[in-house]
Amino acid sequence: MKKEGLNPVQHFRLREKETRFRTPFFFLRILLLAFFVLTPFLFRSFEVLDVILKIAIFSALVASYDVILGYTGIVSLGHVLYFGIGSYLVGIFMGKLGWTSYGHLALSFLIAIVISGILSVLIGLFSLRIRAIFFAMVTLAFMEFTFILSSQLRSITGGDDGISFKLPGILAIDFSYGKILGIEFTGRLISYYLIIIVSLILFLLMLRFVHSPVGRVLQSIRDNEQRSIALGFRTYHFQVIASSFASCVAAVTGGCFAIWVRYVSPDSSLSVPIMLDVLLMVIVGGMGTLYGGIFGATFLMVTRAFLPKLQVLIASLLPGVPLAIRLSERWLFYFGLLFILIVYFFPKGIVGTAQEIFSKRRGS
Amino acid sequence: MTSQWRSWFHKLIAVAIFLSPLLLINPKTYITITISGLAMGMLLFLVSSGFSLIFGFLSVLNLAHGALFAWGAYIGFSSFNLINQWTGWGGSNSLLLNFIIFFLALILAGLLVALLGIITERLVIRPVYGSHLFQIFITVGAMIVLEELIRIIWGPNDEVMPVPINFMGSWDLFDVVISKYPLMAIVIGFILYLVIFTILRKTKIGTIVRAGVENPEMVQVMGHNIYRYFTGVFAAGSALAAIGGGMWATFVKSIHPAMGGEIIVFALIVAIIGGLGSMTGSVVGALMVGLSYNYVAYLVPKASLGITMLLLVIILSIRPTGLFPEGT
């Protein structure tokens, strides 16, 4: 195999092609995908399906956040803004305007992508210019602003009540295709598979992006900005590119989320708590790994699904102790503590630590 | 044009912009709105000055500042109620007793939150000095924990903030309605500004802090234990946030656990507009935000937040580092 005259990206791809089937990771990925595909057949309860699908959506969202945070090294605190834009456009098109057709659904996604792209480029243009830390502050301010806007503009966004809507054709709730392998194929299930496919495509797109020449430059900016500048890269342009790419991906995941829950409101798709969730997922999974998002989302979603049961248990064990009940209600408190502890003792997250262990083993 | 002329020219334009709402609002209402705008500005200054100073000196983007603000409001609320139960000064007709109980509540809030700030700085932020990324995460974590602690201790619901009797109502001067409390807030805010300014300008500690904003390593080289000053500045910033919280709560007459998250965005904007690490910048930025917010809230209520964002965008595009340089 000739290896002269290849740039590092081509070199990396060649090596990956050679070792593709030899590593266990390939089969792990297939297994994971198979799990997502087979979930409706394995678990018959809707709750489980709901959790699994949210894991898929949030994995893609967290991975898109990771492109900014872990690969480019700039902190955005308003990434959920684009998620909200995606959700709201689907909501407004389907619910407020009542244009329930496939064409309009696609159009709403397209407009969401365009708006998110333009907005993120604008925010990047005037806040990344001086200090990367401004970016964190300005994105946070913009998200808060949009959040308040979405709850104030009642005529467009439905205010705090949000918009609930119907979806066209085969995605509609009352649609039923009949039974396949003992499972009834309803609109819900079809949207489940649609969203899984979209998430998969987004994930592959992001993998491609971070391993592309542009992605390489981004990582070099993260590791040593001065040096990248000295090498002649306009780091500022690359940072804006990364942030707008990630924002577009986030907008699509937001649209998918809206399709699944068939409802948008400021609290469910545009609020600071969701941003905190995303941050926690990134930290738990590991920054700069993309796959970390899956672990982070799984961890958080599963814990969150089980927490109410735990709460009932504590309430039944300690009746009449208001402080204990209050302490058990405030699960966000423990997430905050966990957040701090992970940053201290486990800063690479699950995937990062695993990678470190593997590379050590390979090295020795 | 000489530079002196130029600076006067800029000031003139600024004054003209802030007088321009007079074209749309009648003068009496204008004065009332201006007073509440200045009051809001002074209260914002209390929050953002600490935030800005902490960023300038420690280079920590302290997102937990809003939570400390909320803690200040809640401690002010509790101590006011406690003292009032005990003495009944809040309901008495004497203005002096009203002031005493108000200040006692504020001082208690300031002291306790300063303590909380010291604990936060020591336990949470100290281990990650130097890493911007982890600092942001850790302060986000601290913000969640502090805010949830409020919910655990005081409960998750809104509470009505008690106000001393003489602070309510308004004076009527030649048909111009002047609310009492905003005027007091302006005065207290201005006094605090003078105090901070004098400490920073005239005392040795202030000089060290200002030097630290410019170059922390050099301060260390000169033989000062900079970490002690870090803790001190953090505590002072927290105390300012707490006093701001208590006064803000009295201003809007209600408190809720998430109030810090709302104010932190304003503090961010003010700090960016004024220039991070600049006291003068904080006060100017806070007044700009407070005034423009109130004028627009009167004229076009729904655009009031928009004007704040617009202000941020304009300032960032003409002066990307804010209006004033660090350390002024």
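Mentor: Leaving aside neighbours within four places in sequence, G117(B) is in contact with L68(B), F234(B), A235(B), G237(B) and S238(B), where contact means that the C-beta atoms, placed from the backbone, lie within 7 Å. Since this is a predicted model, local features need pLDDT of at least 70 and side-chain atom pairs count only at pLDDT 80 or more, while totals for chains, interfaces and linings use all residues. Residues are numbered from 1 along each chain as its sequence is written, and chains are lettered from A and ligands numbered from 1 in the order in which they are written.

G117(B) sits in helix α4 of chain B, residues 95–125; helices here are DSSP runs of H or I with at least four residues, and strands are runs of E with at least two, numbered from the N terminus. With 30 other C-beta atoms within 10 Å, G117(B) is buried, a class that calls for 20 or more such atoms, whereas 12 or fewer makes a residue exposed and anything in between partly exposed. From G117(B) to P127(B) there are 10 residues in sequence and 15 Å in space, C-alpha to C-alpha.

The largest nonpolar core holds 205 residues, of which W71(B) and V113(B) touch the most other members; such a core is a set of buried Ala, Val, Leu, Ile, Met, Phe, Trp, Tyr and Cys residues joined through C-beta atoms within 7 Å. Beyond its neighbours within four places in sequence, W71(B) is in contact with V113(B), L116(B), L146(B), I150(B) and A242(B).

Chain B as a whole comprises 12 helices and 4 strands. Its radius of gyration is 20 Å, close to the 20 Å of the globule rule for 328 residues, so chain B is as compact as a globular protein of that length; the radius is taken over C-alpha atoms, and the rule is 2.2 Å times the number of residues to the power 0.38. Buried residues make up 48% of chain B, and 78% of its contacts with a separation of 6 or more join residues 24 or more positions apart.

Chain B also touches chain A, in a contact that takes 32 residues from each chain. On the chain A side, α5, α6, α13, α15 and α16 each supply at least two residues, and the largest share, 10 residues, comes from α6(A). That side divides into 25 nonpolar, 3 polar and 4 charged residues, where Ala, Val, Leu, Ile, Met, Phe, Trp, Tyr, Cys and Pro count as nonpolar, Asp, Glu, Lys and Arg as charged, and the others, Gly among them, as polar.

Chain A has 17 helices and 4 strands, and 45% of its 364 residues count as buried. Within chain A, helix α3 (residues 46–72) packs on helix α11 (residues 235–261) at an angle of about 170 degrees, with the axes 9 Å apart. That angle makes α3(A) roughly antiparallel to α11(A). The residues of this helix contact divide into 16 nonpolar, 5 polar and no charged; among them are L53(A) and I57(A) of α3(A), and F257(A) and W260(A) of α11(A). The axes are lines fitted to C-alpha atoms over the stretch in contact, with angles from 0 to 180 degrees between N-to-C directions; under 35 degrees counts as roughly parallel, over 145 as roughly antiparallel, 65 to 115 as roughly perpendicular and the rest as oblique.

Methods: Contact = placed C-beta atoms within 7 Å.
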